[in-house]
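The exercises below are meant to be worked through with the sequence and the structure side by side. Please try each task before reading the solution that follows.

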Amino acid sequence: MNIIEKTAETVELAIADALRAMGVTEDKVNVTVLEQGAKGGFLGLGKRAARVRVELKPDPVEAVKNFLREVTLSMGLSVNIETHQKDKYLYVNLTGESMGILIGKRGQTLDSLQYITNLAVGRHGDLQMSVVIDTENYRRRRRDTLESLSRTIARKVKDTRQSVKLEPMTRFERHVIHTMLQNDRYVRTSSEGNEPYRYVTVSPK
């Protein structure tokens, strides 16, 4: 059962009763107090029980999968969805036929899908991480490109002592640049601008 209502002498007792019935802990549910309850007057007359509605929080990973299923089906695609979590990222790999449609020119369609997925599931507070979507190993190939770009830009900044602003990138792509150059003795990186046009600036130290 995903939703249950319980009554008891107090709100706390009603919540505890609901949690026992559902077999979960309080951090897994949303609680709505329907009636605070009242002790009543003389001889307990007018006493009212407390009443609560307890609802299981949606699984944020399942929310991601369900959203992607709906979007890809609307595009006429049937995809398999695999996920794994690491650090602050939820990695999603999509497989199926015609995956090139999902990548688009320079990965723009894939980036847009990733962006709207993060927006759509952002309301699920339990998902304290960014969603990274990949298909046909595009992100790996993109990472290789960004790492090569990082080295080239770092050499340019070191030689010219002038800062370089890169093109707008996703959070994940900016993370690749920052990670690649974080131990460089001659340059530093910073993210500037507002989403979805946030970019990395590489500057001399």
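**Exercise 1: the span of helix 5**

Work out what span the 23 residues of helix 5 (residues 138-160) should have, and compare that span with the distance between the end C-alpha atoms.

Solution. The expected span of a helix is 1.5 Å times one less than its number of residues, so that helix 5 should span 33 Å, and the 32 Å between its end C-alpha atoms agrees with this. Helices (H or I, at least four residues) and strands (E, at least two) are DSSP runs, numbered from the N terminus. The model is a predicted one, in which local features need pLDDT of at least 70 and side-chain atom pairs count only at pLDDT 80 or more, while totals for chains, interfaces and linings use all residues. Residues are numbered from 1 along each chain as its sequence is written, and side-chain values use heavy atoms, with hydrogens and water left out.

**Exercise 2: the end of helix 5**

Solution. Phi of R161 is near 60°, a positive value in a residue other than glycine.

**Exercise 3: a glutamate in helix 6**

Is E173 buried or exposed, and which residues does E173 contact beyond its neighbours within four places in sequence?

Solution. E173 lies in helix 6 (residues 171-181), and because its relative accessibility is 4%, E173 counts as buried. Once neighbours within four places in sequence are set aside, E173 is in contact (heavy atoms within 4.5 Å) with D111, R139, R142 and L146. The buried residues of helix 5 include R139, R142 and L146, and helix 5 is among the elements against which the buried residues of helix 6 pack.

**Exercise 4: the whole chain**

How many helices and strands does the protein chain have, and how does its radius of gyration compare with the globule rule?

Solution. The protein chain has six helices and nine strands. Its radius of gyration, taken over C-alpha atoms, is 25 Å, well over the 17 Å that the globule rule (2.2 Å times the number of residues to the power 0.38) gives for 205 residues, so the chain is more spread out than a compact globule. Along its principal axes, the C-alpha trace spans about 85 × 45 × 25 Å.

Notes:
Buried < 20%, exposed > 50% of the residue type's maximum accessible area, 1.4 Å probe, protein only.
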